[in-house]
Amino acid sequence: MTQYRLYHDLAHLWPLLSPPSDYQNEADHALALLDAWFDAPQQLTLLDLGAGGGHLALHLHQAGHTVTAVDLAEPMLEQCRALVPGIETLRDDMRTARLIDAANNQPRTFDAVLLTDAIDYMTTPQDAAAAIATVAHHLRPGGLALIAPTYTR
């Protein structure tokens, strides 16, 4: 996969180019879908695949949810940690990530798994299928998969 400079040596510029406020509408939409799916506002466990600098994670966390942010670019996770201290951040690939609960050595599952604009980087059907398989792998029964690409053909 291509390594974009913006997500690596220029990651410190991310908050200037795309401030967290730019993600408010996306977060409001995601929160409305979560509220409707789970039929009541409650604290949920959320897995944010391709979390980048944490701008969506910030809004989800501020709404009271427990967020685990996964991204392939460590410099973007550093931005995420600075923006949303205290949430779990993990460096992994959305196509192959398989999180394990250390307490019982079982796969970790979440109330909802979000794969938003980062899915745009999946440029082959195989990569897209692998990323969606990661979503399915981490989704608890009855959970919500929220897959929202920015661009479609």
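Biologist: Which residues in α3 are buried?

Modeller: In this predicted model, the buried residues of α3 are His55, Leu56, Ala57, Leu58, His59 and Leu60. The helix is mostly covered, since six of its eight residues are buried.

Biologist: What follows α3?

Modeller: Gly64 follows α3, and its phi is positive, near 100 degrees.

Biologist: At what angle do α2 and α3 pack?

Modeller: Helix α2, residues 24-38, and helix α3, residues 55-62, pack at about 50 degrees, and their axes are 9 Å apart. That angle makes α2 oblique to α3. The crossing in which α2 passes α3 is right-handed.

Biologist: Which residues meet there?

Modeller: From α2, the residues are Gln24, Glu26, Ala27, Ala30 and Leu31, and they meet Leu56, His59 and Leu60 of α3. By type, the residues of this contact divide into five nonpolar, two polar and one charged.

Biologist: Now to the largest nonpolar core. Which residues touch the most other members?

Modeller: This core has 25 residues, and those touching the most other members are Leu34, Leu46, Leu56, Leu60, Val67, Ile87 and Leu114. Two or more residues come from each of α2, α3, β2 (66-71), α4 (74-83), β6 (110-115) and β7 (139-147).

Biologist: Which element gives the most to this core?

Modeller: That is α2, which gives five residues.

Biologist: Where is Leu34, and is it buried or exposed?

Modeller: Leu34 is in helix α2. Its relative accessibility is 2%, so Leu34 counts as buried; the cut-off for buried is under 20%.

Biologist: What is Leu34 in contact with, leaving aside its neighbours within four places in sequence?

Modeller: With those neighbours left aside, Leu34 is in contact with Asp39, Leu44, Leu46, Ala112 and Leu144. As for Leu44, it stands 10 residues from Leu34 in sequence, and the two are 8.8 Å apart in space, C-alpha to C-alpha.

Biologist: And what does Ile87 touch?

Modeller: Not counting residues up to four places away in sequence, Ile87 touches Ala57, His61, Val67, Ala69 and Cys80. One of these, Ala57, is among the buried residues of α3.

Biologist: How many residues are in the other core?

Modeller: The other core lies apart from the largest one and has 14 residues, including Leu49, Leu99, Leu115 and Leu139.

Technical notes
Residues numbered from 1 in each chain as written. Predicted model: local features only at pLDDT ≥ 70, side-chain atom pairs only at ≥ 80, totals over all residues. Heavy atoms only, no water. Axes fitted to C-alpha atoms, helices over the stretch in contact; angles between N-to-C directions. Helix = DSSP H or I, 4+ residues; strand = E, 2+ residues; numbered from the N terminus. Parallel < 35°, antiparallel > 145°, perpendicular 65-115°, else oblique. Left-handed = near helix turned anticlockwise from the far one by under 90°. Contact = heavy atoms within 4.5 Å. Nonpolar A, V, L, I, M, F, W, Y, C, P; charged D, E, K, R; others polar. Core = buried A, V, L, I, M, F, W, Y, C linked by side-chain atoms within 4.5 Å. Buried < 20%, exposed > 50% of the residue type's maximum accessible area, 1.4 Å probe, protein only.
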